[in-house]
Amino acid sequence: MNKTDFTGLEEKFTHQGESDIFCPVSPQEIKNDISTTFSIKLNGLVQGIGFRPYVFQLAKKWNLKGTVSNGPSGVHIQILANEKIANDFLEEIISNPPALSRIVSHELTENAFTNFSHFEIIESKTEQSGASTLLTPDLAMCENCRQELQDPDNRRFRYPFITCTHCGPRYSIIQKLPYDRVNSSMQDFDMCPECHDEFENPENRRFYSQTNSCKSCGPRLFWYESKLSKSEQVLIDNQDAILTAVKDALTKGKILAVKGIGGYLLLCDAANEMAVKTLRERKHRPSKPFAILYPDIEKLRHDTYVTDCESEHLQSPVSPVVLVKRKEISRFSIDESVAPGLDHLGVMLPYSPLLAIIASDFRKPLVATSGNISNSPIIFQDKKALEELVGIADFILTNNREIVTPQDDSVIRFSALHQKKIILRRSRGMSPDLAISQKTSPFPSQKIAFGASAKSTFCIQNGNEKYISQYHGDLENYDTQESFRHSLNHLTTIFGLSPATHGNFAMLLSDMHPGYFSTLLADEYAAKFHAKVTKIQHHQAHFAAVLAENDLAEDSENVLGVIWDGTGYGTDGMIWGGEFFYQNQRLHFPYFDSLLGDKMAKEPRLSALAVLSAFSKEPLPRFLENKFTNTEWTYLQKVIGSNTLKTSSIGRLFDAVASLTGLTDKTSFEGEAALLLEQEAQRYFDANGYDFPENYFDKAEFLIDELIADIHKEKQTGWIAAKFHYSVVKFAEHTAVQLGAKKLAFSGGVFQNTLLTDLFIENLSGKFDLYFHGQLSPNDENISLGQLAYINAVKV
């Protein structure tokens, strides 16, 4: 059985029972004639995944006496053994651990003799020094639980909260370490005799399963109708009747708010045009695509082309939303407004038993989107849901198991040609731990990195471990700010690093942008902790993050950082976004005007005007002027004439080309213009292959007039989009050759573009060593980890 790393959580796993445990010699051959007590400490991803039952069963195989327990720093084992057996026992644990575990460090010491009569799991230990182990993410329902859920003869048939040692909520319910029921929101539910028997039976899959429950003793569903007064809101109390009511409401085209693992989801029939339209109106989300929940992989294949990689990840313990290519003709007739004008659908399979029951009963695809108003964080508190979701949902399905830490669904996609995985949102099932090795910093080891503003995360370093939070969203929104604070306070408390500990932190890290909420919060924490805030440039943090992920920190001077995104506050006061870092040098895409602040990112026509004004040697084309009213055009000419704020943003360059080619002039969600441009280019390459004979760059000069000429020649939009994508690859190649770099590392929101990733691999992999993000998104979610990596080891 292979040891898994972070990404291993996205692979299929099977139950590891006693029969899977290997013992190098038979019990009769073990000579354990020296009565010495040895202590083993294991740190890493070792709690909440059945590690103690595994050790118990292994010790039973080896005829060892002793104890195993959880502690804030990991798993603690004591055994009576001689030195050879103790070392062999530890080696067996390290080489063949439970399927989802990741052992980061281990220690074997000889202790004072303790006379154990047998081997047992004992009460978890509390340590004064605070927690330092990794936190297990929430795990999708395993196949064993799925079968029991569907078995009429099983006592957990259609039980919406079925779990076992290998699956179920973990990070979302943990209140403090060590990971035990009493330290989670499951503490409110006392196990019935049958569940308690399973919990204490070493031969049972639920042996020491901290989330163990059933219909008799576990969480319960509650069903509310939005139009009722608060005194009348509980509509049905019978559990089976509630599940029937859910199906009936969906069949009638109603919108439901359903409490999931990390927060509330909004569900409706994905084929019902009126239901989808109503959801968009109520959620204030005019065109951003919705995710779709399919009952199973077979039904998903009726509507989409699912690759092996996509199928594997959809059915993994992470169970993220995956972007898959839709078929021209589908069986279930997904309403076009679910993902208007897009070739891909964001799809998921039921990762929780409640969603599995709902999807199986309805038997057709369901829209499944975050329970919130657009641009606000996911709602996870029941009181808030009953107050705020009544204006969106017709019915609210909740339960009495508290969500401690809110999380959206994780989102990934794969490139078409090389099947390169790109994380778009890292959250449920992935956060908060990383499998990143980096030498210990010469600086003090307790740090908080506050990240950026959009796609915000924070990162905590506690000793040698790093914990990067789930995605939170845009910190310009007050509710998102409060959610960010909530999660930060929660994690610092878990690790004993809250302000009440009188300033354990020696260093706080933030972005250089003075207006970011994250920067202001870092200053606020500095006052509480009496600590220094170190401000790190946005794109240098991006570069440090991709170096850290690929273990390149010590070789950073030989790596060219290609850091492309939309916006980052530069050290020269300009807006960066088209950066190259190499051997303490910075090169960049030529500056052009940054217009009207944040409005430029929402109106690609402004980027088109700025790019043409900066680089065109010809008069501005009439079709560009037609994108504005006369008043707007006159005003903008004055702004350009006096503007001193410039940008090097490749993100805005993509926006400009999207506008110039007629794809969009105003967007309703972030990245829409670039997504449409990528889609047009992908269609061209799919039809014509990945070779392209020409590009829009002459060395470092962007030949915008050639692009305009192609538009006037009425070249196909897909052809122009493909040529532009190929062109920016050639621009990066020219820069690398000019600098003499042989290794290229890519980060920034532009590299969410899977086609661009394929083109870099296809055209440059034989000439350079290429490094991309694997565990983190290339977007601003990685900034917090990059801030830590930069201050720890990287000199950009």
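How big is the volume of the second largest pocket? About 630 Å³, where a volume is the space filled by probe spheres set on grid points joined across faces, edges and corners. This is a predicted model, so local features need pLDDT of at least 70 and side-chain atom pairs count only at pLDDT 80 or more, while totals for chains, interfaces and linings use all residues. Residues are numbered from 1 along each chain as its sequence is written, and side-chain values use heavy atoms, without hydrogens and water.

**The sheet**
- Strands pair if DSSP finds at least two bridges between them; β1 (residues 36–45) and β4 run antiparallel, joined by nine bridges.
- Along that pair, Asn43 stands opposite Ser105 in β4.

**The second largest pocket**
- A pocket here is an open set of points on a 1 Å grid over the protein atoms alone, where a 1.4 Å probe fits, with protein on both sides within 12 Å along at least five of seven lines.
- Its lining (residues with an atom within 4 Å of a point) has 31 residues, with Met141, Glu143, Arg146, Gln150 and Pro350 nearest the centre.
- Helix α9 (helices are DSSP H or I runs of at least four residues) gives the most to this lining, with five residues.

Terms used:
Helix = DSSP H or I, 4+ residues; strand = E, 2+ residues; numbered from the N terminus.
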